[in-house]
Amino acid sequence: MQDTSKQYDAVIDTCRSLFINKMSDYGSAWRILRLPSLTDQIFIKAQRIRSLQQNSVRKVDEGEVSEFIGIINYCTMALIQLEKGVVEQPDLSVDEATKFYDEKIALTKQLMMDKNHDYGEAWRDMRVSSLTDLILQKLLRVKQIEDNKGKTIVSEGIDANYQDMINYAVFALIHLNEKK
């Protein structure tokens, strides 16, 4: 499982670097996005990945990797929004946003490590296409929870679903990196 931890960190380093660079370019404009808007952004990326996996013709020269990175970063933004709330104007510096990013990723990685222990790294035998489908399923769950005003009866909340999507996307990127 030590390899998984190192591989996870390598994937996150790439995602974090892009997050910081985009924060430098755009500031924290994403802070005005309500959760359903972030969920829809993630949904668009997951749908594009599924389309790329199913279609042999590509009209845009971007592959699955950039979309999985986007899923990770948008899910992390959503986790921050869940905690901090939506604002009317960008309000976080690069350093502040990065601190929140690191906190959310640390919690999500710990969840992965706990589940990975219990499931015996079953994800290593999964296909990237299955991980994509699981992300889409989680998105549909999140949309339903959002439609229910955030209320669930017996199910885990929105935050756990965003964390699972991050972890599935990390697993997919590890698989894709191993194929290179």
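Which residue forms a salt bridge with Lys143? Asp40 does, with the closest N and O atoms 3.6 Å apart. A salt bridge here is a side-chain nitrogen of Lys or Arg within 4 Å of a carboxyl oxygen of Asp or Glu.

## Basis of the model

This is a predicted model, in which local features need pLDDT of at least 70, side-chain atom pairs count only at pLDDT 80 or more, and totals for chains, interfaces and linings use all residues. Residues are numbered from 1 along each chain as its sequence is written, and side-chain values use heavy atoms, with hydrogens and water left out.

## Fold and dimensions

The protein has six helices and zero strands. The order from the N terminus is α-α-α-α-α-α. The radius of gyration is 16 Å, close to the 16 Å that the globule rule gives for 180 residues, so the protein is as compact as a globular protein of that length. That radius is taken over C-alpha atoms, and the rule is 2.2 Å times the number of residues to the power 0.38. Helices (H or I, at least four residues) are DSSP runs numbered from the N terminus, as are strands (E, at least two).

The C-alpha trace spans about 45 × 40 × 35 Å along its principal axes. Take the contacts in the protein with a separation of 6 or more: residues 24 or more positions apart account for 82% of them. Contact means heavy atoms within 4.5 Å.

## Surface and burial

The accessible surface comes to about 10,000 Å². Carbon and sulfur atoms hold 49% of that surface. Areas come from the Shrake-Rupley method with a 1.4 Å probe; for residues, only the protein chains shown count as cover.

Of the 180 residues, 42% count as buried. Buried means under 20% relative accessible area, exposed over 50%, and partly exposed in between (1.4 Å probe, protein chains only). Leu52 in helix H2 is buried, with a relative accessible area of 10%. Leu18 lies 34 residues from Leu52 along the chain, and their C-alpha atoms are separated by 22 Å.

## Charges

The protein carries 24 positive and 27 negative charges, and their mean positions are 4 Å apart. Lys and Arg count as positive, Asp and Glu as negative; His and the chain ends are not counted. Each charge is placed at NZ of Lys, CZ of Arg, CG of Asp or CD of Glu.

## Salt bridges

Side chains of opposite charge can pair when their charged atoms come close. A search of the whole structure finds 14 salt bridges. One of them is the pair Lys143 and Asp40. This pair links distant parts of the chain, with Lys143 in helix H5 (residues 128-147) and Asp40 in helix H2 (residues 35-54), 103 residues apart. Lys143 is partly exposed at 24% relative accessible area. Asp40 is also partly exposed, at 37%.

Asp133 and Arg50 meet in another salt bridge, at 3.2 Å from N to O. Asp133 is in helix H5 and Arg50 in helix H2, 83 residues apart. Both ends are partly exposed: Asp133 at 36%, Arg50 at 31%.

## A linked network

Glu156 and Lys138 also form a salt bridge (3.2 Å, N to O). Glu156 sits in the loop between H5 and helix H6 (158-179), while Lys138 is in helix H5, 18 residues apart. Glu156 is partly exposed at 35% relative accessibility, whereas Lys138 is buried at 5%. Both residues belong to a network of salt bridges that links Lys115, Lys138, Glu156 and Asp164.
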